[in-house]
Number of protein chains: 2
Amino acid sequence: MLVALAGGVGAARFLRGLVQVVAPEDVTVIGNTGDDDWFHGLLVCPDLDTVTYTLAGAENPEMGWGLAGETFHAVDALERYGAETWFRLGDRDLATHLYRTERVRAGVSLSQVTREITEAWKVRPRLLPMSDSPVSTRIDAREDDGRVREVRMQEWFVRDRSEPPVVAVRFEGAETAAPSPGVLDSLEHADTILICPSNPVISIGPILAVPGVRAVLERRRDRVVGVSPIVAGAPIKGPADRLMGPLGIEVSCVGVAREYREFCSTLVIDAGDAARASEVDGLGVRAVVADTVMRDARVAAALARHALAAVA
Amino acid sequence: MLVALAGGVGAARFLRGLVQVVAPEDVTVIGNTGDDDWFHGLLVCPDLDTVTYTLAGAENPEMGWGLAGETFHAVDALERYGAETWFRLGDRDLATHLYRTERVRAGVSLSQVTREITEAWKVRPRLLPMSDSPVSTRIDAREDDGRVREVRMQEWFVRDRSEPPVVAVRFEGAETAAPSPGVLDSLEHADTILICPSNPVISIGPILAVPGVRAVLERRRDRVVGVSPIVAGAPIKGPADRLMGPLGIEVSCVGVAREYREFCSTLVIDAGDAARASEVDGLGVRAVVADTVMRDARVAAALARHALAAVA
């Protein structure tokens, strides 16, 4: 049995490779919900949906998020009412948020709704939100006027295009959030625990902040293998550099290794970073070199095979 | 100052004519909310929206409801989740329901949200929901198995295509619903009160069921003029015949006159029903003959002019 800690686009692409090389039913994905937010009265879970849509083969291939062939008529029409429409919810995607919100308002847990949604998409791996309680990633960012303001993750990332310099990151609600049913148990019994190539700060960070998760990873460190999302000193996608740097994490595979060393025995780094393997090893994390730039599903499958072999 | 009691499509077409012949700012429309219902967690107000979209010139001209050039991607996508999608919410139309629902959930009254929506559409007449409290039209209908079941108006009308024979109609919540701010006051001070060519049972009926409305109409009977929605023994549009007949109301302009006689001094009937004018007169309701089939805005304007002249 395999468990994967996952953020959004990078994780989803990796998972699509993973299910080529292992039985999808043997995979449990623990998804980040720190990016979840409410738009127009609807609960949106960007990372859970990106994983779902990608594993269903329905994602927008250019953007990596949202649905292929999507239209944006509803969100455009919301502008008439003065609504903030910088978060571009597609019309078909809206169906997911409408369904989830109605169920959650009816008292159904996020993990139960997530199961229903993945079943509707015929996604075979089990996708667990890290917690059924709300955890909200908050970013203290320095704005144009020099003042530091707290914004929600999507505000900083989408509305502000990751531009305001980051001062601090917090996972509101994490301390009192219980892991969702199956999270700790699956980690405890996994043959291998994978840390997908996701943003260490705001994708993996919130999962680690859920009480109990980090402790079980530390205890099972020899079964944990990560994939560095940083290649040649820059993230493949997303704003990881804008977060790692200001928080004192070197923007490199070495920085990732230092961040993960206490709970991760092995780190897959990109072939382009082979020269830094000894530095990773020097931190007590075994470096495995592979092609980590997932141009297509074949590369993703090979990468998954490398990661699994590393702790076999 | 004019006040109009309005249902959906027929009323909206009449009102579009009315605002050609009087200053739109002088018109207050009291809209039926008995058809309101919740779909996918969203509050939908079909009659208020039909009036709004039509007065904005944005309605779908073939259907009379919904928006022109509409798409249905979200509602189609909801089918994946097993949702009931017989109520066809368009993508652009969804924006209205999202906005309204978020505001209402935030504690804003339906009349306030309705004002915001009509302002966003630059609709100049004032549109008041009959009440800010929920009133829900319930229909006891005999189903295929012979049993009588209570269904909500949209279930009977849209889902069941008005087919199950009607046994009884009720306006749940009406007895305790207060008229929304401005309803009684505008009726009290109106120069003319118009009853739009709407379904007497389920469009005008719920408005009359709101405490206080019928009494003020009765008191001001000489200022009240109705337009018969029934022409040559059949409704121009909608299921009025399926409701009037079983409830003992003759499906004709005479039946409408009998229904309205206590609070309506004048009824505009169609030229095709001219032969029945004396029967209407015989009920104590003055019959005025005009072309009531609103093929276009010009006919609608002429009809409005006739109606206004009738009580001038």
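This is a predicted model: local features need pLDDT of at least 70, side-chain atom pairs count only at pLDDT 80 or more; totals for chains, interfaces and linings use all residues.
I count two strands as paired if DSSP finds at least two bridges between them. With that settled, I looked up β6 (residues 136–142) of chain A and found that β6(A) pairs with β8(A) in the antiparallel sense over six bridges.

**Entry 1**

Then I wrote down the strand order. The open sheet has three strands, ordered β7-β6-β8 in chain A, and the pairing is antiparallel. β7 (148–152) and β8 (166–172) of chain A are at the edges with a single partner strand each, so one side of each has no neighbour in the sheet. From one strand to the next the twist averages 25°.

I also looked for what sits on this sheet. Helix α8 (residues 200–209) of chain A packs on it and touches β6 and β8 of chain A. The direction of α8 makes about 40° with that of β8(A).

Which residues are the bridge partners of Asp140(A)? In β8(A) the partner is Ala168(A), and in β7(A) it is Glu150(A).

Next I went along β6(A) side chain by side chain, and they alternate. Thr137(A), Ile139(A) and Ala141(A) point to one face and are buried.

**Entry 1: helix α13(A)**

I took the span of α13 (residues 297–310) of chain A. This helix has 14 residues and reaches 20 Å from its first C-alpha to its last, close to the 20 Å expected at 1.5 Å a residue.

Which residues of α13(A) are buried? I listed Ala300(A), Leu303(A), Ala304(A), Ala307(A) and Ala310(A). They cover an arc of only 125° around the axis, which puts them on the same side of α13(A).

The buried residues of α13(A) meet α1 (9–21), β9 (192–195), β10 (224–227), β13 (266–270) and β14 (286–290) of chain A.

**Entry 2: Arg223(A)**

I found Arg223(A) in the loop between α9 (213–219) and β10 of chain A. Buried or exposed? I have Arg223(A) down as partly exposed, because 19 other C-beta atoms lie within 10 Å, and a buried residue needs 20 or more.

Leaving out residues up to four places away in sequence, Arg223(A) touches Ala190(A), Asp191(A), Thr192(A), Ile193(A) and Val311(A).

I turned to chain B and looked at α4 (residues 91–105) and α5 (residues 110–120). These two helices pack at an angle of about 145°, and their axes are 10 Å apart. The crossing of α4(B) past α5(B) is right-handed. From α4(B), Thr96(B), Arg100(B), Arg103(B) and Val104(B) meet Leu110(B), Val113(B) and Ile117(B) of α5(B).

Last, I looked up the contact between the chains. It takes 20 residues from chain B and 20 residues from chain A. On the chain B side, the elements giving two or more residues are α3 (73–78) and α4. α4(B) gives the most to that side, with nine residues.

Notes: Residues are numbered from 1 along each chain as its sequence is written. Chains are lettered from A and ligands numbered from 1 in the order in which they are written. Helices (H or I, at least four residues) and strands (E, at least two) are DSSP runs, numbered from the N terminus. The expected span of a helix is 1.5 Å times one less than its number of residues. A residue is buried if 20 or more other C-beta atoms lie within 10 Å of its own, exposed if 12 or fewer, and partly exposed in between; C-beta atoms are placed from the backbone. The arc is that of the directions from the helix axis to the C-beta atoms. Two residues are in contact if their C-beta atoms, placed from the backbone, lie within 7 Å. Axes are lines fitted to C-alpha atoms, for helices over the stretch in contact, and angles run from 0 to 180 degrees between N-to-C directions. A crossing is left-handed if the near helix is turned anticlockwise from the far one by less than a right angle, and right-handed if clockwise.
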